[in-house]
Amino acid sequence: MIRPSTPRRGAKRTMNVLKRIKEEFAEKVRITIFGCYDEDLEAYDLETKFELTNQGILTREQVATLLRQCDLFVDFSDYQAFGRTGLEAMACGCAVILPEKGGTSEYAVDGKNAILVNTNSEEDCYLKLFNLISNPKQRTELCEQAITTATEYSIRKATISELQLLKKAWLNQSE
């Protein structure tokens, strides 16, 4: 996911890493991005001198369809409040690399169901992605655990959790 209009999303870092990966693995990888238009990539002076497919801005349903066709999903944002797209990618069977900072720790366990990365380091992002592409056994194991983890999250559970929190806050206010 590339959103150059939001600086914390790390669009420049992500595109730089993807270019290096494409150069390293050539035809062994296909790179697909979404979240912005080609004009946005140019306007923000992002690296695009490599083979990639830009799906543009997608609906929720289109994101899910795309993720089900992918093996890997990377989020090199500075941090994520929760990282819902990462969790959705896990539910769709992708191995994921997510920022270690932020709310991804609510569901992502480094080396078990995801790879967590120090997104302050473009080199660390590149190395973690390089290693995951190079290790199909690890990818398969991460995918299996990711799907199991994703089943623990649902709209119903999220709603119940929010209602419990609101009820607690309301009761505390009444005291």
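Predicted model: local features only at pLDDT ≥ 70, side-chain atom pairs only at ≥ 80, totals over all residues.
Local features need pLDDT of at least 70 and side-chain atom pairs count only at pLDDT 80 or more, while totals for chains, interfaces and linings use all residues. Residues are numbered from 1 along each chain as its sequence is written, and side-chain values use heavy atoms, with hydrogens and water left out.

Start with the empty space. Rolling a probe the size of a water molecule over the atoms shows where such space is left. Here a pocket is an open set of points, on a 1 Å grid over the protein atoms alone, where a 1.4 Å probe fits, with protein on both sides within 12 Å along at least five of seven lines. Lining residues have an atom within 4 Å of a point. Points are joined across faces, edges and corners, and a volume is the space filled by probe spheres set on them.

The largest pocket has a volume of about 880 Å³. It is lined by 26 residues, and R60, G83, R84, T85 and E88 are the closest to its centre. Helix 3 (60-68), helix 4 (84-91) and helix 7 (155-174) each give two or more residues to this lining. Helix 4 gives the most, with six. Helices (H or I, at least four residues) and strands (E, at least two) are DSSP runs, numbered from the N terminus. The lining divides into 12 nonpolar, seven polar and seven charged residues. Nonpolar covers Ala, Val, Leu, Ile, Met, Phe, Trp, Tyr, Cys and Pro; charged covers Asp, Glu, Lys and Arg; the others, Gly among them, are polar.

The second largest pocket has a volume of about 670 Å³. Of its 23 lining residues, R30, I31, T32, D71 and L72 lie nearest its centre. Helix 1 (11-25) supplies the largest share, four residues. This lining holds 16 nonpolar, three polar and four charged residues.

Now turn to the helix pair. Helix 5 and helix 6 (residues 136-150) pack at about 95°, with axes 5 Å apart. Helix 5 is therefore roughly perpendicular to helix 6, a label for angles of 65 to 115 degrees. In this pair, N131, L132, I133 and S134 of helix 5 meet P136, Q138, R139 and L142 of helix 6. Contact means heavy atoms within 4.5 Å.

T104 counts as buried because its relative accessibility is 0%; the cut-off is under 20% relative accessible area (1.4 Å probe, protein chains only). Beyond neighbours within four places in sequence, T104 is in contact with Q80, F82, L98, P99 and L116.

Definitions and conventions: Axes fitted to C-alpha atoms, helices over the stretch in contact; angles between N-to-C directions. Parallel < 35°, antiparallel > 145°, perpendicular 65-115°, else oblique. Buried < 20%, exposed > 50% of the residue type's maximum accessible area, 1.4 Å probe, protein only.
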